[in-house]
Amino acid sequence: MNFLTIGHRGVMGLEPENTLRSFVAAQQAGLDVIELDLHLSKDGALVVMHDADVDRTTDGTGPIAEKTLAELRSLDAGHGERVPVFEEVLDSVRSPLQAEIKDVAAARALAEVMHRRDLVSRVEVSSFHDEAIAEIARLVPGVRTALIGSRFGPDIVDRAVEAGSATICLNIRRLTLEVVEHARKADLKIIGWVVNTQEHLRLVRALELDGATTDYPEIKRTGRFTA
């Protein structure tokens with residue numbers, strides 16, 4: 001089985017999340033895919049950050065949407081790292097990417113970059129929001145998409161099928177055999193998140209999931225041998 005290991009915001013257990021430093025470390029560790037998050041700045045740049053505001057991960061305060069790219073660039077995102085834009089990530093690592101978008105506006109901005117840089121084969125787009133998935137699929141024919149679920153039931157499978165997603169990324173702490181079986185009948189791939197312990201990794205392998213999103217690159221090594 002081709003078991004995918006996905007670096008959560010790079011390797012956020014070791015480096016400042018969603019920074020070039022974190023992404024390069026994930027690639028050097030041999031993780032198969034790098035996951036990141038996208039928001040739009042006030043002036044329309046696709047900036048890489050998880051939260052809607054900068055407070056938790058930088059030395060600044062306030063919403064990303066109310067700051068220009070220049071203002072965001074002035075912030076320290078950890079160890080002197082700057083808040084990157086998506087295009088910088090594309091240039092800094094060669095790994096396949098999973099880009100999480102929060103809304104339809106981000107989908108439209110990402111679609112422009114994907115067309116301009118021919119990223120259909122390299123970038124999978126994920127979201128908690130069905131409408132964002134539908135929008136990127138409409139704008140970028142052939143794009144691979146993944147629907148994310150944190151609190152979910154078997155209906156997450158039906159939502160993914162309706163949105164045209166081939167993959168669901170599910171909170172490992174809430175995953176049930178019922179959901180797994182329903183997903184397999186719909187021919188969906190299943191990624192578990194966030195898998196940071198051997199206990200969770202054993203669960204992922206026991207359920208025969210297709211991969212794991214992790215904060216720590218050690219999962220890549222131990223995942224090969226965990227039954």
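Over the ring of which residue does the charged end of Arg205 sit? The ring is that of Phe3, with the charged end 4.3 Å from its centre; a charge sits over a ring if NZ of Lys or CZ of Arg is within 6 Å of the ring centre and within 35 degrees of the ring normal. This is a predicted model, in which local features need pLDDT of at least 70 and side-chain atom pairs count only at pLDDT 80 or more, while totals for chains, interfaces and linings use all residues. Residues are numbered from 1 along each chain as its sequence is written, and side-chain values use heavy atoms, with hydrogens and water left out.

**Aromatic pair**

- The whole structure holds one aromatic pair, formed by Phe128 and Trp193.
- Their rings are 6.4 Å apart centre to centre, with 85 degrees between the planes, which is edge-to-face (centres within 6.5 Å; planes under 30 degrees apart are stacked, over 60 edge-to-face, the rest tilted).
- Phe128 is in the loop between strand 5 and helix 5 (130-139) and Trp193 is in strand 8, so the pair ties together parts 65 residues apart in sequence (helices, H or I, have at least four residues and strands, E, at least two, as DSSP runs numbered from the N terminus).

**Second largest pocket**

- Phe128 and Trp193 are also among the residues closest to the centre of the second largest pocket, which is lined by 13 residues (lining residues have an atom within 4 Å of a point; a pocket is an open set of points on a 1 Å grid, where a 1.4 Å probe fits, with protein on both sides within 12 Å along at least five of seven lines).
- Strand 2 (33-40) and strand 4 each supply at least two lining residues.

Terms used: Phe/Tyr/Trp six-rings, centres within 6.5 Å; stacked < 30°, edge-to-face > 60°.
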